[in-house]
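Hi there,

Here is the structure I promised to pass on to you.

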Amino acid sequence: LSNITNGKPVQATSAKIKPGTRLLRQWHGTTHEVIVTDRGHVWNGTTYRSLTAIARTITGTQGNGLVFFALKKKLGAKDG
């Protein structure tokens, strides 16, 4: 399943991450762990509705959470 954005095919992200999944991401020398639950995503003892909210808190930028946690390629990124 894919969509078209700005004339480029984009992978659909409707697949859900199963509760209990642990996501690890190193950012500026710190390892961040997110636990996926049926109520959201837990990071540093706080539950967030989205990975994007967590990624924005960690980085201080408006990045995409799925891209930050390497669950989706950045639009326009090339393979290899």
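**A histidine and its surroundings**

His41 has its place in strand β5. Before going further, please note that this is a predicted model, in which local features need pLDDT of at least 70 and side-chain atom pairs count only at pLDDT 80 or more, while totals for chains, interfaces and linings use all residues. Residues are numbered from 1 along each chain as its sequence is written, and side-chain values use heavy atoms, with hydrogens and water left out.

Helices (H or I, at least four residues) and strands (E, at least two) are DSSP runs, numbered from the N terminus. Is His41 buried or exposed? His41 counts as buried because its relative accessibility is 14%; buried means under 20% relative accessible area, exposed over 50%, and partly exposed in between (1.4 Å probe, protein chains only). Leaving aside residues up to four places away in sequence, His41 touches Val34, Ile35, Val36, Thr46, Thr47, Tyr48, Arg49, Ser50, Leu51 and Ile54. Touching, or contact, means heavy atoms within 4.5 Å.

**The chain as a whole**

You can count 2 helices and 6 strands in the chain, and along the sequence they follow the pattern β-β-β-β-β-β-α-α. Of its 80 residues, 22% count as buried. Among contacts between residues at least 6 apart in sequence, 21% join residues at least 24 apart.

Helix α1 spans residues 51-59, and its buried residues are Leu51, Thr52, Ile54, Ala55, Ile58 and Thr59. They sit on the same side of α1 because they cover an arc of only 160° around the axis (the arc is that of the directions from the helix axis to the C-beta atoms). What covers the buried residues of α1 includes β3 (22-27), β4 (30-37), β5 (40-43), β6 (46-48) and α2 (65-68). Just after α1, Gly60 takes a positive phi of about 75°.

The largest nonpolar core has 11 residues: Leu23, Val34, Val36, Trp43, Tyr48, Leu51, Ile54, Ala55, Ile58, Phe68 and Phe69. Such a core is a set of buried Ala, Val, Leu, Ile, Met, Phe, Trp, Tyr and Cys residues joined through side-chain atoms within 4.5 Å. Which element gives the largest share of this core? That is α1, with 4 residues.

**Aromatic rings**

Rings of Phe, Tyr and Trp (its six-membered ring) pair if their centres lie within 6.5 Å; planes under 30 degrees apart count as stacked, over 60 as edge-to-face and the rest as tilted. By this rule there are 3 aromatic pairs. Trp43 and Tyr48 form a tilted one, with 6.1 Å centre to centre and 50° between the planes. Phe68 and Phe69 make an edge-to-face pair, because their ring centres are 5.0 Å apart and their planes are at 90°.

Finally, Arg25 lies over the face of Phe68, at 4.3 Å from the ring centre. A charge sits over a ring if NZ of Lys or CZ of Arg is within 6 Å of the ring centre and within 35 degrees of the ring normal.

Enjoy exploring!
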